[in-house]
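Here is a short briefing on a protein complex. Read it with the structure open beside you.

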Amino acid sequence: MQLTGLQTLITILAIALGAMLTRFTPFFLFPDHKEPPKIIGYLGKMLPAAMMGLLVVYCLKDVSFLNSPHGIPEIVAIISIIFLHKWKNNVLLSIGGGTAVYMILVQTMFK
Amino acid sequence: MIQIQKNRREKLKIAFKEAFPHTIPVLTGFLVLGIAYGVLMQSKGYSTFWAVLMSAVAFCGSMQFVAITLLTVAFHPIQAFLLSIMVNARHLFYGISMLEKYKGLGKIRGFLIYTLCDETFSISSSVTPPKTVERKYFFFAISLLDYSYWILGTFLGGMIGGFVSFNTEGLDFVLTALFVVLFLEQMKNRKNISSGIIGIVSSILGLCLFGAGNMVIPSMLIILAVLLLGKGKLCS
C-alpha cells in the first residue's frame with residue numbers, strides 16, 4: 001500500500017465520481033417527467049444492439065490473430081456458441097457450452 | 001400497512017426467482033474476476049477492506065483494474081477522476097438506451113442507475129420482464145444480484161484468493177460468451193440487425209485505428225456518427 005488511508009479513500013471517491021457521472025448524466029439530461037427529444041428516443045432504440053456488438057469486440061481486443069494460437073480458441077468457442085444457440089435456443093446452455101469449449105481448448109490444446 | 005409490506009415482499013421474492021437464472025453467467029464471471037481483483041489488490045498491499053470498499057463504492061470492473069496502477073504510483077485524485085470518466089464513457093450510451101425501460105420506477109431508479117454496469121445493461125436491455133413480475137422489481141433484482149456478485153467475488157479474493165487451486169484458466173470467457181449470446185438475442189429482432197452490424201464494424205474500425213487500449217471512445221463516436229447519418233434509412 002503506497003498511499004495513506006485517507007489518500008486511498010479520496011482516490012476511490014474520485015473514481016466513483018467519474019463512473020457515476022457517466023451513469024447519471026443521461027438521466028439528468030432527460031428526466032423522467034419530460035419526453036426526451038425524438039433523436040434520443042431513436043438512439044435509445046438503436047444503441048443496445050450496437051453496444052452489444054462493441055462489447056463483443058472489446059472482449060476480444062487483446063486476441064492476437066497474427067501470433068500463435070491466432071485466436072483459434074476464441075473463434076471456435078464463438079462458433080460453438082452460435083451453433084448451440086441456433087440449435088437449442090437456450091441462453092444459459094449456449095453461454096455454458098461456449099465457455100466449456102474455450103476452457104478445454106486453452107487448458108489442453110493451446111497451452 | 002402490514003398487508004402492503006407482505007405484498008411487496010411477495011413481489012420481490014417472485015422477482016428474484018425470475019431474475020436469478022438470467023444472472024447465472026454474471027455470477028460465474030464476477031466471482032472469477034472479482035476474486036482476481038481481490039488477489040491483485042492484496043498483492044499490492046491493499047487489504048480485503050480496501051478492495052471491497054472500492055468494489056462497493058465505485059463498482060466499475062475494468063476501471064478498478066486500471067486503478068490498481070494508480071493506487072501504487074502516487075496520489076493523483078484528479079487524474080483518477082478524469083481517467084474514470086474516459087474508461088467509463090460507454091455508460092453514457094447505456095443510460096440513453098435505458099431511459100425508456102427505467103421510466104417511472106420511483107425510488108429504486110437511483111440504485112438502478114448507480115449499478116448500471118456492462119453486464120446489467122446487457123441483460124436488462126435484452127430481456128423483457130415476465131408478465132407475472134412487476135417491472136421495477138425485476139430490474140432491481142437483476143441489478144442487486146449483479147452488484148452483490150462483484151462485491152462477493154472481491155471479498156473472496158481478498159480472503160482466500162491465494163489458495164484457489166482449481167484450474168480456472170479461461171473461465172472469464174463466460175462474460176464474452178454472455179455478450180455474444182445477448183448479441184444473438186438482439187439479432188432475433190430484425191429491426192436490430194443493421195444496428196448490431198454497425199456496432200461490430202465500427203468497433204473493429206476503432207480497434208484497428210486506435211489500438212486495444214484506446215478503442216472504446218472512438219468506436220462509440222463512429223457508432224454515433226453512423227446512426228445519426230443513417231437515421232433516414234435505418235428508421236424505415
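Predicted model: local features only at pLDDT ≥ 70, side-chain atom pairs only at ≥ 80, totals over all residues.

- The predictor gives the complex an ipTM of 0.92 and a pTM of 0.88.
- The average pLDDT of chain B is 91. In chain B, 96% of the residues score at least 70.

**Chain A**

- Chain A has 4 helices and 0 strands. Along the sequence, the pattern of chain A reads α-α-α-α.
- Chain A has a radius of gyration of 21 Å. The globule rule gives 13 Å for 111 residues, and 21 Å is well over that, so chain A is more spread out than a compact globule.
- A box of roughly 50 × 50 × 30 Å, taken along the principal axes, holds the C-alpha atoms of chain A.
- Of the 111 residues in chain A, 40% count as buried.
- Take the contacts in chain A with a separation of 6 or more. Residues 24 or more positions apart account for 37% of them.

**Chain B**

- Chain B contains 12 helices and 0 strands. Its pattern along the sequence is α-α-α-α-α-α-α-α-α-α-α-α.
- The radius of gyration of chain B is 19 Å. That is close to the 18 Å from the globule rule for 236 residues, so chain B is as compact as a globular protein of that length.
- The C-alpha atoms of chain B fill a box of roughly 60 × 55 × 35 Å along the principal axes.
- In chain B, 46% of the 236 residues are buried.
- Now take the contacts in chain B between residues at least 6 apart in sequence. Of these, 76% join residues at least 24 apart.

**Where the chains meet**

**Helix H4 of chain B**

- Helix H4 of chain B covers residues 77-87. Ala80(B), Ser84(B) and Val87(B) are buried there.
- Look down the axis of H4(B). The buried residues fall within an arc of 70 degrees, so they line one face of the helix.
- What do the buried residues of H4(B) pack against? They pack against helix H1 (5-29) of chain A together with helix H3 (61-73) of chain B.

**A closer look at Ile223(B)**

- Ile223(B) sits in helix H11 (residues 216-229) of chain B.
- Is Ile223(B) buried or exposed? Ile223(B) has 27 other C-beta atoms within 10 Å. The cut-off for a buried residue is 20 or more, so Ile223(B) is buried.
- Leave aside the neighbours of Ile223(B) within four places in sequence. Ile223(B) is then in contact with Ala50(A) and Leu54(A) in chain A. In chain B, Ile223(B) is in contact with Ile198(B), Gly199(B) and Ser202(B).
- Asn192(B) is 31 residues from Ile223(B) along the chain. Their C-alpha atoms are separated by 14 Å.

Notes. Residues numbered from 1 in each chain as written. Chains lettered and ligands numbered in written order. Helix = DSSP H or I, 4+ residues; strand = E, 2+ residues; numbered from the N terminus. Rg over C-alpha atoms; globule rule 2.2 N^0.38 Å. Buried ≥ 20, exposed ≤ 12 C-beta atoms within 10 Å, placed from the backbone. Contact = placed C-beta atoms within 7 Å. pLDDT = per-residue confidence, 0-100. Arc of directions from axis to C-beta.
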